[in-house]
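I will go through aromatic pairs, then the nonpolar core, and then a few strands.

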Amino acid sequence: MRSIWKGEVSFGLVNVPVKVYAATEDHDLHARQVDKKDGVRIRYKKVRDDNGEEVEFSDIAKAYESEEGEMVILTKEDLASLPVEQSHEIEVTEFVPADQVDPVAFDNAYFLEPASRSNRAYVLMREALQQTDRLAICTFTLRNRTRLCALRVYKDVLMLQTLLWPDEIRPAILEGLDKEAKVRPQEVKMAASLIETMAADFEPEKYEDDYQNQLKELIEAKAAGGEAFTVEEKDTSGDDDGDDEVADLLAALRASVKDRGGKADAADDQDDDEDDDDEDSGSAKKTASKKSGSGSAKKAPAKKTAAKKAPAKKAAAKKSTAKKSTSSKSDSGSSGSSTAKKSTASKSTAKKAPAKKSTARKTPAKKSA
């Protein structure tokens, strides 16, 4: 492994000479572009825009546009003359709690190796970082760029991990979260139970890159003139963009917990239902009626009886008016006393719900008289 940078870590008046090595590497298989007719490799040439002549790599330089719009050519020697490029120092600016640096900011990782005969200063810094559980925030220049980085301990080795600058992290403005769905407490509790059943210590060795493994198998099979895999047709008839996927989220969570050997306590779900303010008020009323007992069951028929009485009063009121008009035509002299009696009788009839049928029978008898 070849070092890519050599300098020293400085904090306070302490300097730790180090060599920097790339800590990660790409394991992906890389394809080459070829002509699909016969597999002959295709190469790209660097050519001039004006006449199409090919330019050698050694004759290519970098150019930057000035504020006036003029293209300024900078050679490797020009870039190497920058003061920051001449500095071979990883300057520690502060030590911060490890949990204050969000993992999204981490970029490339580099190993630091002691570069002096004695590694005492190296070991001292490693032990101090482990004991304080802090990260050293540093700045240094690598490959024509000033880097913000965090110095931390990784398996008894000092690791330098570059950090993205704040303006390099995009703001998390997502339209799908403009209106957040309401999640029921029992769903959260069941999801937490599922997480507990799947809890484990992280062992990266047990994971494999399935895509790269299958890609290698496909390459070997095609080289031997065969086929490695068969494509199965997927049934997309039931796929939609609706809410069917979360139609019964709680049932799916409960089934997942049971499948993992956990326990789904229905009693806890009922307790959560009492404190839950569902968007569907009808389902909330049904839940409340089941829990209230016999007292609520008796009140429900009472509401129906009251509903029947309302039209009965209107009908009785109409009948009393009809009785008044009939009595005034037949006997105008005795209208005062007879009307008062009839109106009193009609009021008592209106108050009694069962009197509805008997009143209907008496009406034709009065007309015939």
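Let me begin with one side chain: is Phe111 buried, partly exposed or exposed? At a relative accessibility of 22%, Phe111 counts as partly exposed, because the cut-off for buried is under 20% and that for exposed is over 50%. Please keep in mind throughout that this is a predicted model. The mean pLDDT of the protein is 75, with 67% of the residues reaching 70 or more, and over residues 276-369 the pLDDT stays under 50. For that stretch the model has 27 contacts beyond four places in sequence.

In outline, the protein has eleven helices and nine strands, and buried residues make up 17% of its 369 residues. If we take the contacts between residues at least 6 apart in sequence, 60% of them join residues at least 24 apart.

Now to the aromatic rings, of which the structure holds four pairs. In one of these, Phe11 and Phe95 have ring centres 6.0 Å apart and planes at 85 degrees, so the pair is edge-to-face. Phe11 belongs to strand β1, residues 5-11, and Phe95 to strand β5, residues 89-97, so this pair ties together parts that are 84 residues apart in sequence. Phe11 is partly exposed at 22% relative accessibility, and Phe95 is also partly exposed, with a relative accessible area of 36%.

Phe111, with which I began, forms a stacked pair with Tyr154, at 6.2 Å from centre to centre and with 25 degrees between the planes. Since Phe111 lies in strand β6, residues 106-114, and Tyr154 in strand β8, residues 145-154, the pair ties together parts that are 43 residues apart in sequence. Tyr154, at 33% relative accessibility, counts as partly exposed. There is also a charge over a ring to point out: the charged end of Arg152 sits over the ring of Phe106, 5.8 Å from the ring centre.

Turning to the interior, in soluble globular proteins nonpolar side chains tend to be buried together. Here the largest nonpolar core has 20 residues, and those with the most contacts inside it are Val9, Ile90, Leu112, Met125, Leu151 and Leu160. At least two residues of this core come from each of β1, β2, β5, β6, α3, β7, β8 and β9, and β7 gives the most, with four residues.

Finally, the strands at the end of the list. How do β7 and β8 pair, and over how many bridges? They pair in the antiparallel sense, over seven bridges, and Ala136 has Leu151 in β8 as its bridge partner. The two strands form a hairpin with two residues between them, and Arg143, in the turn, has a positive phi of about 55 degrees. β8 also pairs with β9 in the antiparallel sense, over seven bridges, and the bridge partner of Ala150 is Gln161 in β9. This too is a hairpin with two residues between the strands, where Lys155 in the turn has a positive phi of about 50 degrees.

Technical notes: Residues are numbered from 1 along each chain as its sequence is written. This is a predicted model: local features need pLDDT of at least 70, side-chain atom pairs count only at pLDDT 80 or more; totals for chains, interfaces and linings use all residues. Side-chain values use heavy atoms; hydrogens and water are left out. Rings of Phe, Tyr and Trp (its six-membered ring) pair if their centres lie within 6.5 Å; planes under 30 degrees apart count as stacked, over 60 as edge-to-face and the rest as tilted. Buried means under 20% relative accessible area, exposed over 50%, partly exposed in between (1.4 Å probe, protein chains only). A charge sits over a ring if NZ of Lys or CZ of Arg is within 6 Å of the ring centre and within 35 degrees of the ring normal. A nonpolar core is a set of buried Ala, Val, Leu, Ile, Met, Phe, Trp, Tyr and Cys residues joined through side-chain atoms within 4.5 Å. Two strands pair if DSSP finds at least two bridges between them. pLDDT is the predictor's confidence in each residue, from 0 to 100. Contact means heavy atoms within 4.5 Å.
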